[in-house]
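Let's take a walk through a protein together, starting with the overall layout and ending with a few pairs of side chains. Keep the structure in view as you read.

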Amino acid sequence: MSASVESLFENGGHITMRDNESEDWGGRNSACWARSVEIPNYVVVNGSATNIGAFVVFNIRVETQNGSHMNIRKRYSEFDDLRRKLIQTFPGFDAAVPPLPPKSVISKFRRPFLEKRRSALQYFLNCILLNPEFSASPVLKEFLFA
């Protein structure tokens, strides 16, 4: 029986929550090195007055378990690459990799669209970074540090 299945039956079949902020946390949760992740904002980088060549960069803030912070900037296409690589690397876990928000040719630089996209990308990153199966993955490390 795997550790994840055993943990379901530790308390008579009840699912329990663990406090990842306490000092005595361990087991599978120790693989999670991130405490929280958020995308507080984004920047539209203009290529020209007509938006030809323009793109959006999402500012990502990751707080680690030791309290330090990382600030990362990524484009939507990099999230798309991460998702594709995770599904290839973890074929049995594709249900744990949420879909990305859709693309839009017409609305791609409009504030309401970008806010929905920002929120959905933040949810995606929370599902990935805070999942012990993915958190130590070379695919995720490449996304964060490349």
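How many helices and strands does the secondary structure of the protein come to? This is a predicted model, and in it you can find 5 helices and 3 strands. Trace the chain from the N terminus and the elements run α-β-β-β-α-α-α-α. The protein has 146 residues, and buried ones make up 30% of them.

Now turn to helix 2, which covers residues 76-89. Its 14 residues reach 20 Å from the first C-alpha to the last, close to the 20 Å expected at 1.5 Å a residue. Which residues of helix 2 are buried? They are Tyr-76, Phe-79, Leu-82 and Leu-86. These four cover an arc of only 115° around the axis, so they sit on the same side of helix 2. The buried residues of helix 2 pack against several elements, among them strand 1 (34-45), strand 2 (55-64) and helix 3 (111-129).

Next, look for charged partners. A search of the whole structure finds 5 salt bridges. One of them joins Glu-63 and Arg-35, whose closest N and O atoms are 3.6 Å apart. This pair links distant parts of the chain, since Glu-63 is in strand 2 and Arg-35 is in strand 1, 28 residues apart. Arg-35 counts as partly exposed because its relative accessibility is 29%.

Another salt bridge brings together the side chains of Glu-78 and Lys-74, at 3.7 Å from N to O. Are these two buried or partly exposed? Glu-78 is partly exposed, with a relative accessible area of 28%, whereas Lys-74 is buried, with 3%.

Our last stop is helix 3, where you will find Arg-118. Its side chain meets that of Glu-115 in a salt bridge of 3.1 Å, N to O. Both residues lie in helix 3, 3 residues apart, which is about one turn of the helix. Why does Arg-118 count as buried? Its relative accessibility is 15%, and buried means under 20%. Glu-115, at 30%, counts as partly exposed. Beyond its neighbours within four places in sequence, Arg-118 is in contact with Ile-39, Pro-40, Asn-41, Tyr-42 and Phe-58.

Definitions and conventions: Residues numbered from 1 in each chain as written. Predicted model: local features only at pLDDT ≥ 70, side-chain atom pairs only at ≥ 80, totals over all residues. Heavy atoms only, no water. Helix = DSSP H or I, 4+ residues; strand = E, 2+ residues; numbered from the N terminus. Expected span 1.5 Å × (residues − 1). Buried < 20%, exposed > 50% of the residue type's maximum accessible area, 1.4 Å probe, protein only. Arc of directions from axis to C-beta. Contact = heavy atoms within 4.5 Å. Salt bridge = Lys/Arg side-chain N within 4 Å of Asp/Glu carboxyl O.
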